[in-house]
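Visitor: I would like to go through this model with you, one question at a time.

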Amino acid sequence: MPRLALLLTTLIWGATFPATKAALEQIPPLSFTFLRFLLGAALVGIWFLLMRRPLARGREVLVASAVTTVFLFLGYTLQTVGLQYTSASNSAFLTALYVIFVPLILRRFDGRSLLATAIAVIGLWLLVKPSAGMNIGDLLTLGCAAAFAGHIVCLERFTRAFDAPSLLAWQMAAMTLLFVPITWWEQAPASAFAPTAVLLIGLLVTGVLATGAFAVQMWVQQVVPAQQVALVFASEPAYAAWLSWYFLGETLDLQGWIGSALILSAVIIGALQGRTQLPPPSSGAVQPA
């Protein structure tokens, strides 16, 4: 059940690509990112009020939230800046390389996972067709992949040691605040924030549905190993390609279909295997409320 839920949330992450691409015809990228996190933070806050759930404010949970937010913020920022210097295909491929970084960080290797990772990387290459050259944008995007890998690793540890909803709330609030000065620096015109249908749909997908997907991810990472989470997330470019093909009319050739099929095969081989025992939380960890 958790792995199936994670697979469905990845479909939502994939849907954010065409939704964001359409919205960016009206609003600059960092301003849009600020709006999606502002909306997400507001929804999480409303949920806490309706559920009358206390928000954890201990030093440990605040430190854990700060660490995870740093990785999340770096991931989004490096990816956005990197896109100014590299192609969208290179960005999609390099970002998904967190599927390699996560097991490297955790030093978790087994034959099945290695096979699935290799198949996923080949599928990603066929799907997005990145160029062989390397520029500053590619290096920044590699940093983005490492940051997202660090975020996935942190969530595996912290969601089992602290109250997961509180971690989500603090991350959403911190991301919103961090993007305030960046949005001011971007100096988007007032017309960019006009509530058009395209912008509202983009915010519905990224601010509402993706926030729900983030919450599901934090729940799943309490029981599913981080390397399997990363492998499931590797299917995100495949979902994005399919949805862009269907809704935006973008081209998806035979090589792209083969690549996306390989990615899903890798998910089935590696990420949907039986339960893997997670290491116990550190002895000094504070258990969930």
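This is a predicted model: local features need pLDDT of at least 70, side-chain atom pairs count only at pLDDT 80 or more; totals for chains, interfaces and linings use all residues.

Visitor: Which helix gives the largest share of the nonpolar patch?

Guide: A nonpolar surface patch of about 730 Å² is made by L43, I46, W47, L50, M51, L204, V208 and L209. The elements that give two or more residues to this patch are helix 2 (29-51) and helix 9 (197-220). The largest share, 5 residues, comes from helix 2.

Visitor: Does L50 count as buried or exposed?

Guide: L50 has its place in helix 2 and is one of the residues that make the nonpolar patch. Exposed means over 50% relative accessible area. Because the relative accessibility of L50 is 69%, this residue counts as exposed.

Visitor: Which residue has its backbone oxygen 3.1 Å from a polar atom of the side chain of T68?

Guide: T68 is found in helix 3 (residues 59-82) and, at 1% relative accessibility, counts as buried. Leaving aside neighbours within four places in sequence, T68 is in contact with H151, C154, L155, F158 and Q171. The backbone oxygen that lies 3.1 Å from a polar atom of the T68 side chain belongs to A64.

Visitor: What is the angle between the planes of F37 and Y76?

Guide: The structure holds 6 aromatic pairs. One of them is formed by F37 and Y76, which are edge-to-face with 5.3 Å centre to centre and 90° between the planes. The pair links distant parts of the chain, with F37 in helix 2 and Y76 in helix 3, 39 residues apart. The angle asked for is 90°.

Visitor: Why is the pair of F37 and F179 stacked?

Guide: F37 is buried, with a relative accessible area of 4%, and F179 is buried as well, with a relative accessible area of 0%. The rings of F37 and F179 have their centres 6.2 Å apart, and planes under 30 degrees apart count as stacked. The pair is therefore stacked because the planes lie at 10°.

Visitor: How many residues apart are F37 and F179?

Guide: F37 lies in helix 2, whereas F179 lies in helix 8 (residues 164-186). The pair links distant parts of the chain, and the separation is 142 residues.

Visitor: Which residues form one aromatic cluster?

Guide: F37 pairs with Y76 in an edge-to-face arrangement and with F179 in a stacked one. Y76 counts as buried, at 15% relative accessibility. The residues that form one aromatic cluster are F37, F73, Y76, F148 and F179.

Methods
Residues are numbered from 1 along each chain as its sequence is written. Side-chain values use heavy atoms; hydrogens and water are left out. Patches are made of residues with over 30% relative accessible area and no salt bridge: like charges are joined within 9 Å, nonpolar side chains (Val, Leu, Ile, Met, Phe, Trp, Tyr) within 5 Å. Accessible areas come from the Shrake-Rupley method with a 1.4 Å probe; for residues, only the protein chains shown count as cover. A salt bridge is a side-chain nitrogen of Lys or Arg within 4 Å of a carboxyl oxygen of Asp or Glu. Helices (H or I, at least four residues) and strands (E, at least two) are DSSP runs, numbered from the N terminus. Buried means under 20% relative accessible area, exposed over 50%, partly exposed in between (1.4 Å probe, protein chains only). A polar contact is a pair of N or O atoms within 3.5 Å; within protein, one must be able to donate a hydrogen and the other to accept it, and residues adjacent in sequence count only if both atoms are side-chain atoms. Contact means heavy atoms within 4.5 Å. Rings of Phe, Tyr and Trp (its six-membered ring) pair if their centres lie within 6.5 Å; planes under 30 degrees apart count as stacked, over 60 as edge-to-face and the rest as tilted.
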